[in-house]
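Keep the viewer open while you read.

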Amino acid sequence: MMAVQQHNIEDLLSLFKMMTLIRECEESLVDPILSGEIRCPCHLYTGQEAVAVGICAHLRHDDYVFGTHRSHGHFLAKGGDVKKLIAEIYGRQTGCSRGRGGSMHLIAPEVGFLGSAPIVAGTVSLGVGAALAASLRCEDRVTVVFFGDGACGEGVLYESLNFASLHKLSVLFVCENNLYSTHMPLRECRPDDNISRVAEAFCIPSYRIDGQDVLAVFETGKNAVEFCRGGNGPVFLECLTYRYRGHVGPDDNIQGCHTDIRPQAEIQAWLARDPIMGLENALIDAGMTSREHLEAIKSEVRSLVREAHERAKSSPYPDPDAIERYVFAAPGA
Amino acid sequence: MMSQVAREMGDRCERLLTYCEAINEALFQMMDADPSVFVIGQGIRSPWYVGNTAKGLLEAFGPKRVLDTPVSENCVTGAAVGAALAGMKPVVVHPRMDFMLYALDPIINQAANWYYMNGGRLSVPMVIWGIINRGGEQAAQHSQALHSVFAHTPGLKVVMPATPFDAKGLLVEAIRDPDPVVFVDDRWLYGVSGPVPQELYGTPIGTGVIRRYGSDVTIVASSYMTHLANEAARHLERENIDPEVLDLRSVKPLDRKLIRESVKKTGRLVIVDGGWKTCGLSGEVAAIVGEECFGYLKTPIVRLALPDCPAPASASLEASYYPQPEAIVHAVRGLLKES
């Protein structure tokens, strides 16, 4: 049982609300994807909400975050606008990337979300560079880079850990270990299922935590962000988590179909440890709030998401005549 | 006519610098003018990696802004991209272009695409400085000139100065530019000396320059090849042939107008490129002429580029691998005989 009593109710409700927003947002995409209304490949974050939310709760707007192919949750948790997210996924001009990026290229510089990109581990070094920028300017900003277990197969991760440690950069490496690198189970990718140990070779403090326990992420995240902000160098967090949907799109795990790669018992075991449900039950059991209140939050979030879909669908597509706009920022280029 | 040529090269300026001193001056002045500019890369502290281009920078600006790095091209270039996204203006140096291939992901996937794929929200103001370092029997992995690889990619600009004047001017413009610019120089040019004004100036990206005005044939060159073309032109003058030598300076964007106007005037075209022939710069220039002023051509186009073969080691092979002025002279004579 989560020790909710050690936290104040505002923080707890804020974690609950953000996780619910991400969940509702992701699940709201399922039907439009299946019907073909949304065509852009979406790597849904359902199941992993506690990681983005528990970490980003400690970040300021001027801290930096870089994401991956599966970054709807990171974008929202850092303060990105849900309307701009949904519009981007529908390929509209009103999207956060004006319809040029889609689900895998989200950005919200106004809240420090400097971008997400699907080249596995490709944004890890970018995050190190943003932290280097802060260090050169003697700022106390923290940079968080989210990446999956798959990124641990890429050499640039190790170059980045080395460089960040060498220069004591304020970067928090967050590995979301969801046990599958697309289709391939972790045990077939690595001789050791403990990823956090890789950071030890670079003298980086590392922690392996339950990514389905939002309070565990929140508490470790708080210490990690404070450590980074204090100029003590990088921290590595491995968060054990699970995606409920497919690698891409909603339907990898419809039983009996050719994309059914994960054992049903495994899926059920993880569903039973749902991060939102866990917090919800703990809050109610501790008498800190009522189920009605939490339902009201869910309903509020649902209408936000519904409104975002309606707005997106009535927004214009980008003008085909402007296809070459934004190749260069320089005027006249 | 000559005065026009000289003006482009910083005439009336009697101050001479070598090509590598001109790069050094550009770095020095830009770092002095803008605290967000910093230099990062492997060997920046070592005189044998980057020649004298970084001389005095460490003493003047300190180790934070003159950042020598471990051999981690992918991470270091990615870090430069990230720093640019976070408001800095990094110059990331690759003392040999060959090693820069480790950084294709941050250069092509990330830096080149970032501004477009976020719909113009955040650009990547950085310079990716790649040095061509070849000859001397260094063989295939210590010789490559990869400008065409980068010019192929949308979102990247590619410049290749031939003179000390443009080495400074183009590096200054590359640093000022809000987009990622690949700055390609050639160690064979580092000792070349020429007029360089002391003041801070820029050579506009995307503009070529006529190095020698002529009427019989256009020789399009860039970087080190410009000097070979000039040398060939001096030979040809003695045979009463009047070639025009065009220095591209920017591989991307190309100065299409300058190329077109020259070919319209001369009706003949020889393209000299220090890169490979297939799918390269020489093919691109030929295609532009084919598309935009085909009717003005009196003869077929000739391309002199590296053969589609890795750089060999042995001096006997190297001698026939790299274009020589004689080959340009020979090609021009051939074209004039044809028409």
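Predicted model: local features only at pLDDT ≥ 70, side-chain atom pairs only at ≥ 80, totals over all residues.

| Item | Chain A | Chain B |
|---|---|---|
| Helices and strands | 11 helices and eight strands | 14 helices and 14 strands |
| Box of the C-alpha atoms along the principal axes | roughly 60 × 50 × 40 Å | about 60 × 45 × 40 Å |
| Buried residues | 53% of 333 residues | 55% of 339 residues |
| Contacts (at least 6 apart in sequence) that join residues at least 24 apart | 75% | 82% |

With its 11 helices and eight strands, chain A has a radius of gyration of 19 Å, close to the 20 Å that the globule rule gives for 333 residues, so chain A is as compact as a globular protein of that length. Chain B, built with 14 helices and 14 strands, comes out at 20 Å, close to the 20 Å the rule gives for 339 residues, so chain B too is as compact as a globular protein of its length.

## A buried helix in chain A

Now zoom in on α4(A), which runs over residues 82-89. How many of the eight residues of α4(A) are buried? Eight of the eight are, so the helix is largely enclosed by the rest of the structure. Going along it, the buried residues are Val82(A), Lys83(A), Lys84(A), Leu85(A), Ile86(A), Ala87(A), Glu88(A) and Ile89(A). Buried here is a matter of counting, since a residue is called buried if 20 or more other C-beta atoms lie within 10 Å of its own.

What do these buried residues pack against? The partners are α1 (9-35), α3 (72-77) and α11 of chain A. Take α11(A), residues 291-313: its axis and that of α4(A) come within 8 Å and cross at roughly 45 degrees. The two helices are therefore oblique to each other, and their crossing is right-handed.

On the α4(A) side, the residues that meet α11(A) are Val82(A), Lys83(A), Ile86(A) and Ala87(A). Facing them from α11(A) are Leu304(A), Val305(A), Ala308(A), His309(A), Arg311(A) and Ala312(A). Sorted by class, this contact has seven nonpolar, one polar and two charged residues. Just past the end of α4(A) sits Gly91(A), with a positive phi of about 75 degrees.

## Where the chains touch

On to the interface. It brings 37 residues of chain A into contact with 37 residues of chain B. On the chain A side, the elements that give two or more residues are β2 (113-116), α5 (124-136) and α6 (155-166). Which of them gives the most? That's α5(A), with 10 residues. By class, the chain A side divides into 21 nonpolar, 12 polar and four charged residues.

From α6(A), Gly155(A), Val156(A), Glu159(A), Ser160(A) and Phe163(A) take part. They meet Asn74(B), Cys75(B), Val76(B), Gly78(B) and Ala79(B) of α5(B). This contact divides into five nonpolar, four polar and one charged residue.

## One residue in chain B

Last stop: Val158(B), in strand β6 (residues 157-159) of chain B. Is Val158(B) buried or exposed? With 29 other C-beta atoms within 10 Å, Val158(B) is buried.

Who's around it? Leaving aside neighbours within four places in sequence, Val158(B) is in contact with His147(B), Phe150(B), Ala151(B), Val182(B), Val184(B), Ser250(B), Val251(B) and Lys252(B). One of these, His147(B), is 11 residues from Val158(B) in sequence and 6.9 Å away in space, C-alpha to C-alpha.

Definitions and conventions. Residues numbered from 1 in each chain as written. Chains lettered and ligands numbered in written order. Contact = placed C-beta atoms within 7 Å. Helix = DSSP H or I, 4+ residues; strand = E, 2+ residues; numbered from the N terminus. Nonpolar A, V, L, I, M, F, W, Y, C, P; charged D, E, K, R; others polar. Rg over C-alpha atoms; globule rule 2.2 N^0.38 Å. Buried ≥ 20, exposed ≤ 12 C-beta atoms within 10 Å, placed from the backbone. Axes fitted to C-alpha atoms, helices over the stretch in contact; angles between N-to-C directions. Parallel < 35°, antiparallel > 145°, perpendicular 65-115°, else oblique. Left-handed = near helix turned anticlockwise from the far one by under 90°.
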